[in-house]
Structure formats: structure tokens, C-alpha cells
Amino acid sequence: MAISIQNVSKKFGNQMALSNVSLEVPPAQVLGLLGPNGAGKSTLMRLISGYFPATDGTVSVCGFDVLGQPMEARSCVGYLPEHNPIHTDMYVREYLEYTAGLHGIKDVSAAVSSMIEKVGLTPESHKLIGQLSKGYRQRVGIAQALIHDPKVLILDEPTSGLDPIQLVDIRELIREVGRDRTVILSTHIMQEVEEVCDRVVLIHQGAIVADGALSAFASKPGGLESAFQELKLP
Ligand code: ADP
């Protein structure tokens, strides 16, 4: 499995953000994590990326335990955090060279040039990140997550705040990079899942409440929309 999550719980003080979650994700699957605000999506993604440890249970990526083998696990994962906190005072190329250096990539210049092309940043690559539109900033965020060619890509609300044209472009980019790697993306927009994902996991109050192929949801009465609406009921 590309990602294996077993009986994972995460507590913040008395607050149970995730409760006994188990999830297996095979290679080259694009999985949409769908749920209302506060459901636990970001927490689950942070656990996979090694940002903080689980209170209980185990998480492994590409066979490496994120706590026991953190370096190996991290080398397999690219992570775009929510709100994409990248350095607005750095140039696009400068920032990507910096992140490539952090990953110990040997030919930094070649890796950055190829990534700039891959994510469609060529016309903007000479600019300061602070001068870019939100859509291009997201491309920089995706580029930094992909620079070490990870098998697993974690994207936390990658299209939030984008205008309709940027949204189409970023979704297309996600589909493309998801052809040969495992992607987990979180969203609260159903349409996004329908357009990009192979599999849907609905999460609510820290627990997985539905999990299946997109086609399985689509064939039910009311489709994915009715499953999602049920989550919003008290
Ligand atoms: P989502 O991404 O689905 O909106 P989160 O994973 O961000 O949900 O949050 C799940 C729950 O955990 C929420 O109730 C949130 O307030 C809480 N939470 C998340 N991160 C922290 C933190 N660092 N400290 C305290 N509570 C947190």
C-alpha cells in the first residue's frame, strides 16, 4: 500500500480530532477526502505527512512508519498545506531551488527547470512569489510538494480561493500528476471530487462514514450529493 493508516486517533487536549480511523490507499489512486469544516481532514493529512504524531495507532507511507522511519517516510511524501504558506519575498526559481536543496537533490537547477515546466510556471518563473496570482502561487506550492518526485502527494484544499479559470487549470494539473502517483486531496466541494478523484472518503466528526469508488457513489440514488447532504444533518 502507498498509505496505510491503522486505528489512528488524534487528540488535542480533550478534543478528539480523529477517532480510530483506518484507511488503506493503493499506489496511483486519487482519493478525495470530503467533509464539513472541522471534520478532521487536515489532521489526517498532517499525520500522513509527519507534521505531528498520532495519539494512537500507526501510519505508514510506502511501507515506512512515519514515526519509526521518519526520513524514509518523508522522502516518499509531498505535502501542500492548507493556505499554502510559501515565502512571498522569494523568487519562484529561488524558492524551488531552496526546497530542492532541502531534499538533497543533486542537480538542483535541472530538477527546478523541469518542475517549472511540468506545473506550467514558465511564464511566471522570473517573478517574486508575492507578485503571483493565487492560482500561480498554488502551482508553486504543488511544485515544492513534487520536487523530490514523491510517490504520495497530499494536497490540503488545493483549490480553495481560486477563481473559476484557475480552478479548472489546477484540477487538470492534479489529474495529470495523479496518473502515476497516489494523491489525497481534501475539499468540501463535491464537484471537485467528481472531476478529479477515483475514490471518495467521507469524513465527519473525526470518523470515516463512507468510503468507495466514485462510480459507486454516482450510481446510488441522489449520487454523491445526497451522501454529502446527510453529513450536514444534526
Ligand atoms: P478539517 O480539516 O476537516 O476542517 P481539522 O482537521 O482542521 O478539520 O480539525 C478537526 C478538529 O480538530 C477541529 O475540531 C479542530 O478545531 C481541531 N484541531 C485541529 N488542529 C488543532 C490544533 N492544533 N489544536 C487544537 N485543536 C485542533
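Biologist: By class, how many nonpolar, polar and charged residues are in the lining of the largest pocket?
Modeller: The lining has 11 nonpolar, 10 polar and one charged residues. Nonpolar means Ala, Val, Leu, Ile, Met, Phe, Trp, Tyr, Cys and Pro, charged means Asp, Glu, Lys and Arg, and the others, Gly among them, are polar. The model is predicted, so local features need pLDDT of at least 70 and side-chain atom pairs pLDDT 80 or more, while totals for chains, interfaces and linings use all residues. Numbering runs from 1 along each chain as its sequence is written, and side-chain values use heavy atoms, without hydrogens or water.

Biologist: Why does the largest pocket lie between domain 1 and domain 2?
Modeller: Domain 1 (1–62 + 151–234) and domain 2 (83–149) both give residues to its lining, so the pocket lies between them. The bounds come from an automatic or database domain assignment.

Biologist: Which residues surround the ligand?
Modeller: F12, Q15, A17, P36, N37, G38, A39, G40, K41, S42 and T43 do, by a heavy atom within 4 Å. This shell has four nonpolar, six polar and one charged residues, and α1 gives the most to it, with three residues.

Biologist: How many Å lie between T43 and an oxygen atom of the ligand?
Modeller: A polar side-chain atom of T43 is 2.6 Å from that oxygen. For Q15, a side-chain N or O atom is 2.9 Å from a ligand oxygen. A polar backbone atom of A39 is 3.1 Å from one.

Methods
A polar contact is a pair of N or O atoms within 3.5 Å; within protein, one must be able to donate a hydrogen and the other to accept it, and residues adjacent in sequence count only if both atoms are side-chain atoms. Helices (H or I, at least four residues) and strands (E, at least two) are DSSP runs, numbered from the N terminus.
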